[in-house]
Structures are given as structure tokens and as C-alpha cells.
Amino acid sequence: MDWTYGQHAADQSPPAGAGAGAGAAGTGERVPAESVPAGLGSSPIRTVLLPRRTHASTFDHSKTRTPHHHNQTRELRPHQATASRQAGPEFSPGGMLLLRHHQALSQQRRAACSFAAGRSSSSSSSSSSSSSKRASAPAGSPARWLAAACCCSACSSSLATSSSSRAVLLLTRLLRTTAGANAISSVMRAVSAAPTAAAAAAAVAATALPPTHRRGNACWLAQMTTAAGNSSPAAAGGVFGSSRASSSISTRRSFSSAPTRTEKDTMGSVEVPANKYWGAQTQRSLLNFRIGVSVGGGGIGGAAAAAVAATAGGPVAASERMPEPLIRALGLVKRATAEVNTAAGLLPRHVGQAVMAAASEVAEGRLSEHFPLVIWQTGSGTQTNMNANEVIARRANELLGLSTPPPPAEARSGSGVSSSSSSSSSTSPDTAVAAAAADLHQQQQPQQQPQQAVELRAVHPNDHVNRGQSSNDTFPTAMHVAVALQVHRHLLPALAGLQERLAAKADEFAGIIKIGRTHTQDATPLTLGQEFSGYAAQVKYGMERVQQAMPRVYELAQGGTAVGTGLNTFQGFAEAVAAVLARDTGLPLVTAANKFEALAAHDALVHLSGGLNTLTVSLMKIGNDVRLLGSGPRCGLGELRLPANEPGSSIMPGKVNPTQVEALTMVCAQVMGNHMAVTVAGAGGQFELNTYKPLIAAALLRSVGLLADAAWSFSEHLVAGLEADGPRIAEHVRRSLMLVTVLNPIIGYEAAAAVAKRAHAEGISLREAALALGVVGSADEFDRLVRPELMLRPSTLSSGAADGQQGGSST
């Protein structure tokens, strides 16, 4: 890290060794005497060192020139001097000066350090004490820097015994702290006692960071952990900049020590992680749309803050990334378009075959780590489309031997050329890629320019991978393919399994007569099997509704390009791509009859989401019924015995809860919310393009996946082990008052109501009430008429029916 110096003192030359970059005129700005904070006392210092950003990789004490534009001096105005104590990590003036000249410990520098720590100048006795501690530390060690930064003998004592890694951590925090001397001392003690660098970082965050700054400092805490263990100032150099994010991509590199490479696009150069396949446009999106970091818990608590990843600004929650099925579908689409373009002669043979092979790896999920973008980006999905173009292009060049070395072997499930394409594809491009690469290298050999061949990029993301495509038609095509595959491969099989299990339970419970309930009150009898047959039918009809929505999902937008006109494609392109995708997926995919509708609206997906919403209504009803029927075991309905999959309570022993029901109904609630999001997004298209595509895709794929998993789990872990409590069910039937309903045609509604009311009021049976009221002649007559097994289906007509008598027994 190089330094930019201001005027060092009113009557002094620049520090020794400062070099040409710190002449008498100074490269910084002079701070008026009245602007010097009170903590600096009468110090003659008029200018302080204020590096805004640094490169860890360029930190060097022997240099004083300013690299690029990362370090700038700023005038410290009075209000900024006060704010620097409150804003914490925004400024670190005296601390930086101290770190640069830790061997020349003048009173002026110690005063500047005190200001950086939010303290006033210490007494001369404290200074001499800390000086003795500094002398005991090895020259150039972090412990020595720490001792120099502190004017308190107690703190210096703990610092002098700190390991290098913990000292680096503490030094950074010390120079940025907003706390007072007591808090600083407690931080030093906590860090000195920490067993590891990560624990030290957690101690720093927990002890010294104000609540309002903890999350904002997550990145530099992680960088301290990364830098710990290296006793050189270069190890900590990358964490001394401002905690605020910068709009400059190049300055953001200072937060990562990982190797990078330079990629270019139409907006300029961008630094990209060297071990990733993506390019400039993906990197720009990655930096510009950091939406989802907080969802992942970044910055919550000291330990979490210390664990923040060093890549490109911190980790985004997996739930906020573009769904894996969509990425794989993009691989299928890119492979299909490359095949069609190659067959049409629009792509060179070696390029087309390499693109097909690389796209196959995307479709198989072997390159998923190279798709880091979030859902919350441009509404057309352009950045994710370009992410696919860049990854496939770079991987294709690698397959052809025209690119830089690949990422580490452990980063991919396979190495080199894929052994096979997708299992559903009728052709494999791998051998053709090898042949094409051999031909290409043979053509290059006579040129005797191996270095030039290494730099050659035969496959271009836009010109080759994206040939004849726009994000506006490619992304929705991938949406439809991904949704269709998920529905067929996961949702429909899971629903079919659940429906079969429910139907089997209906057969198993066919002979168990139970009391029905309406409005949660007692009603007439039915069998438990009849009840479950209703559940099975609900799932069956839900499957049918989903299937009815699929024909429009099979229609693909590919070939419409930007606005639906098909610009930059050729006649037959759309049909050919759809045919290849149908072949590779096994689904009846076709090109959309009207590309303008396919780009501007997503009614087909909204329709499907509506079918899923209806399905969740059914599943929630089924789940709630099972929950209530299984309530108990002694004080509830208790008619069903639920499988005891896990302990139900952390305090109540032996408790079994309907956990599978609770999981299912929560999923239903989520899917209902997703449907609302899809509905609003579907209505949000303007003119020739709907710009809510990533949201629609993510919400719908999430709904499909959640329903598939929840249906399988509910079937496997609850329905399969469900049992009926026969004695409990029979007791409920015997005590029900609604059996009197069967007497309506014989004694009339009012007389039957009187029997039920009297039995309830006096706590007697229906038979006893009927005999007391004289509505039946004998107990035997009552038992002959009131039989639950005769109440399960309509009765047959008899000759007495015309005279108002009860029909005969049902068959």
C-alpha cells in the first residue's frame, strides 16, 4: 500500500525516507490550526495522512508514490474532525501515520494516534512506559505497532504478549475504534485471550463495535481474519480503507486478496476472480446488485461478521441467487441454439462443438459455481443470460486449448471435456470438440506462435454463444423449459405418490364408521375411508389442473429476439431450436405461435401459478383436517394416530406434534404468497417486454420445488404411517346426537329435534330421550331405525315411499 502525504508539520521537512512524493510543497492539503482536534493539544502537526482506499497487494513501506487513484488526501474540516470520533471506521488519520513511521515515535505522532483512537494525549509517564514495551517487541512486529499505538501501560502490556495474528486484528480495530480508553483496553484484553484469529475478530466485534456499525464493518473484520498470521503490514493493508462501498470497481478490489484477471466489455475493464469463468458483465452485475447479503445473515453477531467471505463484497444468501433449474435450462437453450447455428453454417465447426460441450456442462450442473448472480437484477434477465454466455465462452475456449488455466479441480465435478452430454441428447459433441481442437491446433502450428495461440479467444460470448438470440427471448425460453422440467420431473411424481397413498388409506379405512363434522360440530356418520377418498380426489384434481396449464408452458419464445420480430435469426430457426429442446428434454416443446405475446406477457406462467395456488388450498385443507383428527392423544379428537417421527417438545416429555402437517401448511402459505408475487409481476409488463421475468421464474420454480418436496415428505413421513383409533372413533359415534337425523322421515323434523335437545340437556342417550317423549314404540324399534351403517349412502326407494314412509335399507 503506497501513501500520499500532506504537509507533515508547520516547520519540518517530510519524514525521512518519504521520497519524492512528499516534498516541501506536499501532495496533500494543509489543515488550518483551528481545525486540529482538541486531543492533539499544541502539536505542530497541521496535516494528517488520510488514505481512502488501499491495495493489500501493493503495500510497501519503501515506496511513497501513489498507485492509480486509490489513495487521496482530504482536508480535515472541523465538523469532520468531530465526526471521525463518532463515525468509527470512516477515518484513521494518526494511526496511518504511526504505522508508516513506527520507528520514529515523536510526541506529535503519539498525539495523532490518540486522536485516531478517540482519546486525548497521554502523560509523559505513560509515554515512557509504552516506549519500554515497544522496545521489548521484535522490530517490525504487529505487537510493536500496537504498543506504539497505545499510551496506556496496561494496554501495552497485553499487546506486547499478543501473537502476530491477534495483534494485526487489534491494531486495525484500535485505529478505527469509536469507543473510549476503557473500551479499547477491554478489547485488547479480549483479543489477547482469544485462541484463534477468528475468535479475536469475534471478540473485537462483540466488545468494541457500536451496534450501528457492526454490520457495516463485516467486510473488514473478515479481511482481518484473512490477514491474520502475516506479521507484515502488507497483510493488514487491505483493511484500512473506508468501510463505505465505492462505485469504482477497481477500488473494490482492495477488499479481496484473491488473484484476479482483467476482463473487458463495452464499458471498459473489470477485475474478475481468476478462478471463475464469468466475465466483465457478470462482475458488474455482481457488484451492482448486492441484494441478498443481509438475507444470508451477513454481519449478524461477531462470529458471523468474521466469517464473511472475501469474494466480491460478501456472500449472498443461496435463496436469493438465480435458481439452479433456470441456470441448467439456460445451458440446454444455449446448446440447442449452438447446434442449430452450427448446422446452418453460422458458427465455425470447432466453435459450435465447443459451445455445445460447454453448454452441456452448464445443463448438467457442473459449472453452477460460476453463476453467482441474484434474482434482483434487470427485469429481462439480461445479466444472467450474459453470465451464461461468458461462462460458456470461456469454458469452450478452455476446451479448445485457447484460454487460461481452469479453476481448481475440486471446483468442478469433472475435469477436461465432459464424458457425455445430457442423457436425453441424441448426439454428444465431446469427440467432435476434441477433433475440432486438434484441427485448430494443427492449423496454428506452422505459425510457430504458441504464445499468441494461448491468447487467442476463438469463442466470443455475444458473437458465438448468443448468436441469433436476445435476452428477451432466451431468458423466457429458459423459464418455460425450467418450469416444465421441474413440474414433470418432480411435482407431478410427488403428487401422484401422495394421491396413491391417500387412496390406499381410503381403502384401508373403508370399514371404519366415524361421526362426520360440519362447522366443527357433530354431523351424520360416514366412514373414515370416505373421508380420505375426498382427500385423494382433491390431490388428483389438483394434478389435473396443473397438467391443463402445461400446453401453453410448452410454447417457447426463442426466435423472437428483441421485440418478437425475429431480427438476426433466419427462417426456421425458432422451430429448429424448439425441436432440439424437445428432443433433449423429452417434453412436447414447440415454438410459440405469437412471439410478441411470448415476450411481452407471461400469462401461461401466471395460469400455472394459479393452478399451484389451487393445489395449495387443497393441501392446506387436508393437512388441517389431519392435524385436528390427530389432536390429543387423550384430550383431543384423537381419531388418528400420527407417526412419532421426533420428540415434540423440549420441555414436555412424550409429546408428539403434527410436524409434517405444520411443514406442509407453511409451504402452502409460501406458495400462496408466491402466486401473489407472480400475479403482480405478470401484470407488470410494459409494451413489448415484461420486465419481471427473474421474479416470475424464481417464485414459480420455488413454488414447484416446495410443493414437490412437501408433498413427498407429507406422504412418506405422515400418510404412510397413519393409523386409525377404532375404539375412540366408535365411542364418538355412539355418543353423537346427530344420529337422530335418520328419524326425520318417520317422526318429523320437530319431533326429532326435541329428542336431540332433551338428550343433550339431560345427558341421556337418544334412545332414552325418544322413549321418554314417546316418539318410538320401543327400544327395539329405535335400534332398528337408528343404525349408523345404514346412514352411509342414499337409501333405495320402496313401495312405502309414496306414503311418506322410510325407504328400505340401502344396499
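Predicted model: local features only at pLDDT ≥ 70, side-chain atom pairs only at ≥ 80, totals over all residues.

Q: How many salt bridges turn up?
A: The whole structure has 24 salt bridges (a side-chain nitrogen of Lys or Arg within 4 Å of a carboxyl oxygen of Asp or Glu).

Q: Which residues does E263 pair with?
A: One partner is R261, at 2.7 Å from N to O. R394 also bridges to E263, with the closest N and O atoms 3.5 Å apart. Helices (H or I, at least four residues) and strands (E, at least two) are DSSP runs, numbered from the N terminus.

Q: Is R394 buried or exposed?
A: Buried, at 5% relative accessibility. E263 is buried too, at 13%. Buried means under 20% relative accessible area, exposed over 50%, partly exposed in between (1.4 Å probe, protein chains only).

Q: And what's the story with E508 and K505?
A: They form a salt bridge with the closest N and O atoms 3.1 Å apart. Both sit in helix α22 (471-508), three residues apart, so about one helical turn separates them. E508 is partly exposed at 49%, while K505 is buried at 7%.

Q: Switching to cysteines: how many disulfides are there?
A: Zero in the whole structure, taking a disulfide as a pair of cysteine sulfur atoms within 2.5 Å. C635 is exposed at 83%, and C668 is buried at 0%.

Q: Now the second largest pocket. Where does it lie?
A: Domain 2 (478-566 + 593-646 + 655-728) and domain 3 (737-790) both give lining residues, so the pocket lies between them. The domain bounds come from an automatic or database domain assignment.

Q: Which element gives the most to its lining?
A: That's α29, with three residues. Among the 22 lining residues, R734, R735, S736, L737 and S765 are the closest to the centre of the second largest pocket. A pocket here is an open set of points on a 1 Å grid over the protein atoms alone, where a 1.4 Å probe fits, with protein on both sides within 12 Å along at least five of seven lines; lining residues have an atom within 4 Å of a point.

Terms used
Residues numbered from 1 in each chain as written. Heavy atoms only, no water.
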